[in-house]
Amino acid sequence: MSTTNAEIAGIRTIALVGQTTAGKTSLVESLLWKAGAIGAPGSLERGTTVCDFDPLERRAQHSINAAVVHFTHRETRIHLIDTPGYPDFVGQSMTALEAVDTAAIVINAQTGIEMMATRMMDWAARRNLCRMIIVNKIDGQGLDLPGLVEQIQAAFGKECLPLNLPAANGTEVVDCFFNPAASPGHEADFSSVEKAHRALVEQVVEVDAAFVDRYLNDGDVDPRELHAPLEQALREGHLIPICFVSSRNGAGVAELLDVIDKLLPNPSEGNPPQFYKGEGDDAKELHADTDAGKHVIAHVFKVTVDPYVGKMGIFRIHQGTVTKDSQLYIGDGRKPFKVGHLFMLKGKDHVEVVRGVPGDICAVAKVDEMHFDAVLHDAAEDDHLHLKPLDFPVPVHGVAIEPKRRGDEQRMWEILQKLVDEDPCLKVEHVATTNETVVYGLGELHLRTLLERMSETYKCEVNTRPPRIAYRETITANAEGHHRHKKQSGGAGQFGEVYLKVEPLPRGAGFEFLDQVKGGTIPTQFIPAVEKGIRQALDNGVIAGFPVKDVRVIVYDGKSHSVDSKDIAFATAGRKAFIDAMLKARPIVLEPIVKVEITGPESAMGDITGDLSSKRGQVNGTHALQAGSMTVSGQVPLSELNGYQARLNGMTGGQGRYTLELSHYEAVPPTIQTQLTSQYKIKDED
């Protein structure tokens with residue numbers, strides 16, 4: 001084996017994912033300490049952990065961002081990614097899956113399987129990753145670890161098997177793979193090492209007929225010979241090993257390091273990611289080759305923007321070698337950038353390295369063109385190369401923001417763009433219909449964190465409010481309107497007279513303007529001014545101040561004056577004639593109706609559907625998912641979903657989520673229309 005191939009074989013990449021309070025960050029501390037990478041484990045309470053280095057994380061005492069660390073154990077270079085456990089920050093966890101060969105789902109032994117564990121197991125399976133389960137906090141009181149193993153197997157399959165078992169009341173663990181017979185005094189706290197060993201070997205040999213025959217004939221197989229079938233079982237999801245640890249007392253931590261070293265796949269053994277070359281139906285699948293000598297293919301799975309350091313791209317190398325002098329293209333960019341400094345990360349520390357090979361997770365800083373999901377390459381033929389897109393949750397929790405200081409609008413927008421660059425589950429848009437800047441995230445905590453970062457990191461203070469509902473106005477009958485605009489003020493006057501008709505159009509048809517003036521009663525050059533005046537009334541609304549839609553306007557007659565007729569006169573006459581007609585055409589206010597899809601525990605479906613119905617919603621169907629979850633689909637007025645995530649959390653114990661998509665507009669109930677029009681009249685009088 002060449003030096004480079006041996007180096008690649010000695011790399012492991014693992015993402016620790018799962019619910020908050022599972023102890024992922026503390027586990028990273030224990031692993032770093034046991035491997036000799038730090039002098040002592042840090043503390044969440046004291047804000048001294050390697051991974052939670054952001055001031056907001058230290059104050060909140062939980063992870064907000066995915067953090068990368070690397071260290072060495074027995075000449076194996078291990079890249080670990082610690083991820084947040086709150087659902088609001090799930091985008092950070094999902095992107096971490098793009099960079100690793102193994103997803104380690106961390107479960108709190110005291111609380112069992114929670115929503116994030118189920119979701120991350122599902123996402124890891126969809127990305128075809130090798131998976132393992134780490135049961136943390138095995139030193140807790142009143143635990144039912146045998147019951148937890150049964151719960152894991154019921155939720156994720158019988159292929160979930162213990163690699164080791166707790167012993168001595170959770171103060172140590174005993175190996176079940178390499179040591180089929182426990183040494184005296186080290187029996188497991190439950191089950192037996194022999195039983196667990198047999199289950200593991202039988203599960204592994206099933207993928208190789210030759211080993212099946214040997215196992216049946218000899219009764220056992222030396223585990224040291226099972227490396228190839230073990231990796232195959234991991235790749236195929238035929239085995240999902242369970243490891244027991246306690247990051248508090250250190251039980252199982254050294255053993256977990258050995259599992260990572262001896263049993264988890266190296267970059268050439270894991271399932272390669274799905275790259276595609278080209279776009280749409282013409283895209284062809286391409287697999288990167290873990291060959292350090294080939295041209296570079298690397299994927300940017302995380303971007304950070306620091307006010308002082310600038311933009312940094314963190315990427316996994318899938319093919320080729322990146323050095324500090326490499327010339328790399330970003331996606332389809334025509335101009336390469338030079339890698340001035342190449343880093344590997346240890347939390348906030350940037351450790352400069354000479355090169356990175358397939359499997360390594362590296363970073364480059366101060367490259368403004370860098371962006372999330374970019375493919376870095378050094379060959380022109382790798383243009384139009386991209387990874388299979390992740391199916392991120394849709395951000396639907398919105399807040400309208402504006403700067404506290406006038407004139408800061410452009411700066412606020414630029415800061416928002418930087419924060420959105422860092423998080424694929426944040427979205428910012430300017431809503432023209434309500435003239436608001438709205439930021440959308442996955443929940444209240446997600447948006448609160450964004451606002452705190454704007455204030456503390458970028459010193460940008462903003463005011464917030466719920467986004468305005470984009471109501472509309474329309475008509476339900478035909479009507480005619482007329483206005484004569486005549487103004488004399490000593491000098492040249494203004495004169496214009498317009499007769500028009502209005503007709504309702506089908507929902508979604510928009511606006512039509514027809515010129516049916518005969519005999520030149522309105523000279524041709526003034527027709528655009530009439531339309532301009534009508535469009536002003538369309539934009540500003542007539543009965544409640546909301547834009548008018550789905551109406552046809554027919555201008556059919558009028559009068560002009562050879563001296564006093566001007567564009568402004570006909571614009572005013574057109575606007576007021578339209579208002580006159582609309583008020584006679586039985587006007588109504590329309591509200592947006594959204595398609596909603598709500599996912600939560602099966603036990604909460606009655607509450608969810610009942611709540612939806614009580615909010616003028618309509619349930620269209622339900623669909624059962626795995627692990628006791630269901631999805632409800634329906635339609636509901638957008639105005640009824642203000643604060644919905646908090647209601648959903650109450651109904652589902654924090655396990656519910658939802659997505660929205662605009663469906664259509666419908667008339668609001670008469671009581672709401674009265675409320676909206678009366679408010680507008682008061683405002684109009686002011």
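Me: What makes the arrangement β24-β25-β23-β26 a sheet, and how do its strands pair?
Reply: In this predicted model, β24-β25-β23-β26 is the order of an open sheet of four strands with antiparallel pairing. Strands are DSSP runs (E, at least two residues), numbered from the N terminus, and two of them pair if DSSP finds at least two bridges between them. Local features need pLDDT of at least 70, side-chain atom pairs count only at pLDDT 80 or more, and totals for chains, interfaces and linings use all residues. Residues are numbered from 1 along each chain as its sequence is written, and side-chain values use heavy atoms, with hydrogens and water left out.

Me: Why are β24 and β26 called edge strands?
Reply: β24 (427-431) and β26 (462-465) each pair on one side only.

Me: How do you know that β23 and β25 pair?
Reply: Strand β23 (residues 397-403) and strand β25 (residues 436-441) share five bridges in the antiparallel sense, and the criterion asks for at least two, so they count as paired. Within this pair, H397 stands opposite G441 in β25.

Me: Why is S30 called buried?
Reply: The relative accessibility of S30 is 6%. Buried means under 20% relative accessible area, exposed over 50%, and partly exposed in between (1.4 Å probe, protein chains only); S30 therefore counts as buried. S30 is found in helix α2 (residues 24-34), a helix being a DSSP run of H or I with at least four residues.

Me: What makes α2 and α10 roughly perpendicular?
Reply: α2 and helix α10 (residues 253-262) pack at an angle of about 80°, with their axes 9 Å apart. Axes are lines fitted to C-alpha atoms, for helices over the stretch in contact, and angles run from 0 to 180 degrees between N-to-C directions. Angles under 35 degrees count as roughly parallel, over 145 as roughly antiparallel, 65 to 115 as roughly perpendicular and the rest as oblique; α2 and α10 are therefore roughly perpendicular to each other. The contact (heavy atoms within 4.5 Å) is made by L27, S30, L31 and K34 of α2 and V253, A254, L256 and L257 of α10.

Me: How do you know that M582 is buried?
Reply: M582 has 0% relative accessibility and therefore counts as buried. M582 is found in helix α14 (residues 567-584). Leaving aside neighbours within four places in sequence, M582 is in contact with E473, T474, I475, V542, V548 and P587.
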